Every structure is written in C-alpha cells, then in structure tokens.
Amino acid sequence: MAKRVNKQSFTKEVLEAEEPVLVEFYSDGCLGCKQFSPVLGEMEDAYESRIKIVKVNAAFSEELKDEYGVEVYPTVLFFRNGKEDERLKGIVPRDKLEKVIEKYAGRAE
C-alpha cells in the first residue's frame, strides 16, 4: 500500500528521494479515486523497487494541494531529483499510467 504523506513529510519522502516518485493527490469522497486505487496498487507491486509511490489526501493537505495547483482528483505527479516532471489528471487508463511509469522507472520485470 502506498505511503501517505503530508506537508511535514513531503520534502523527505518526495523532494529528497533518490528514486523517482509518483505522488497521487486524492480525495476520500472521489469515486474516480476509488476506481483508480487498484490500478495504482498494481503499479506499486510491479515497480516497487524502482519507483516510490505515495499518496496525499488533499482534504488534509490543502497547503500541498494549493502549492502544486491540484484541482482535479485523482492527479498524479511524477518527481525526479526533487522536481515535478510530469502530471496526469483524472482517471488514467492503466496502459497510459504504465507507459509513463516505465519512462521513469524502466519496465517491470
């Protein structure tokens, strides 16, 4: 299961991470987020040693949500070397998500 991060842990877990990081901003009341969660879980299992996957509950981390301009849930941000490299908004098909993850983490074994 993806680690939950907030404003206090974001710098250490995301910005200072050595590996690429996928950050999902979600909301508990978001139906699309609930549909997307199993897909994200599969990606976490497949790529666990090459990309870190974390989640931010926007309701409890409004400062982060605002800082990164997140307006749609789910929103997935990809970070590398402390910088946002890519952003996907809304429910993303599994194949598209996997293609972007492979760009950062390489193919699953």
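Which residues are linked with Lys-3 in a network of salt bridges? The network joins Lys-3, Lys-12, Glu-13 and Lys-52, where a salt bridge is a side-chain nitrogen of Lys or Arg within 4 Å of a carboxyl oxygen of Asp or Glu. This is a predicted model, in which local features need pLDDT of at least 70 and side-chain atom pairs count only at pLDDT 80 or more, while totals for chains, interfaces and linings use all residues. Residues are numbered from 1 along each chain as its sequence is written, and side-chain values use heavy atoms, with hydrogens and water left out. Helices (H or I, at least four residues) and strands (E, at least two) are DSSP runs, numbered from the N terminus.

**The sheet**

- Five strands form an open sheet with mixed pairing, in the order S1-S3-S2-S4-S5; two strands pair if DSSP finds at least two bridges between them.
- The edges are strand S1 (3–4) and strand S5 (83–89), each of which pairs on one side only.
- Strand S2 (residues 21–26) runs antiparallel to strand S4 (residues 75–80), and the two pair over 5 bridges.
- S2 also pairs with S3, here in the parallel sense and over 6 bridges.
- S1 and S3 are parallel and pair over 2 bridges, with Arg-4 having Lys-55 as its bridge partner in S3.

**Strand S3 and its cover**

- Strand S3 (residues 52–57) is mostly covered, with 6 of its 6 residues buried; buried means under 20% relative accessible area, exposed over 50%, and partly exposed in between (1.4 Å probe, protein chains only).
- In a regular strand the side chains alternate between the two faces of the sheet.
- For S3, both faces are covered: Lys-52, Val-54 and Val-56 are buried on one side, and Ile-53, Lys-55 and Asn-57 are buried on the other.

**Helices around the sheet**

- From S2 the chain crosses through helix H2 (residues 31–47) to S3, making a right-handed β-α-β crossover (with the strands pointing away from the viewer, the path from the first strand over the helix to the second runs clockwise).
- Helix H4 (residues 94–105) packs on the sheet and touches S2, S4 and S5, and its direction makes about 170° with that of S5. Contact means heavy atoms within 4.5 Å, and axes are lines fitted to C-alpha atoms, for helices over the stretch in contact, with angles running from 0 to 180 degrees between N-to-C directions.
- H2 and H4 pack at an angle of about 30°, and their axes are 11 Å apart.
- The contact is made by residues including Phe-36, Val-39, Leu-40 and Tyr-47 of H2, and Leu-97, Ile-101 and Ala-105 of H4.

**Charged pairs**

- The count of salt bridges comes to 12.
- One of these pairs Glu-24 with Lys-55, at 3.1 Å from N to O. The two lie in distant parts of the chain, 31 residues apart, with Glu-24 in strand S2 and Lys-55 in strand S3, and both residues are buried.
- Lys-65 and Asp-66 also meet through their side chains in a salt bridge, again with an N to O value of 3.1 Å. Lys-65 counts as buried because its relative accessibility is 16%.
- Arg-87 forms a salt bridge with Glu-84, and the closest N and O atoms are 3.0 Å apart. Arg-87 has 26% relative accessibility and so counts as partly exposed; Glu-84, at 31%, counts as partly exposed too.

**Local points to look at**

- Gln-8 is in helix H1 (residues 7–15) and counts as exposed because its relative accessibility is 68%.
- From Gln-8 to Ser-61 the C-alpha to C-alpha distance is 9.6 Å, while the two are 53 residues apart in sequence.
- Tyr-73 and Pro-74 are joined by a cis peptide bond, with omega about -10°. Pro-74 belongs to the loop between helix H3 (62–67) and S4.
- Asn-81 is found in the loop between S4 and S5. Its phi is near 55°, a positive value in a residue other than glycine, and Asn-81 counts as exposed because its relative accessibility is 65%.
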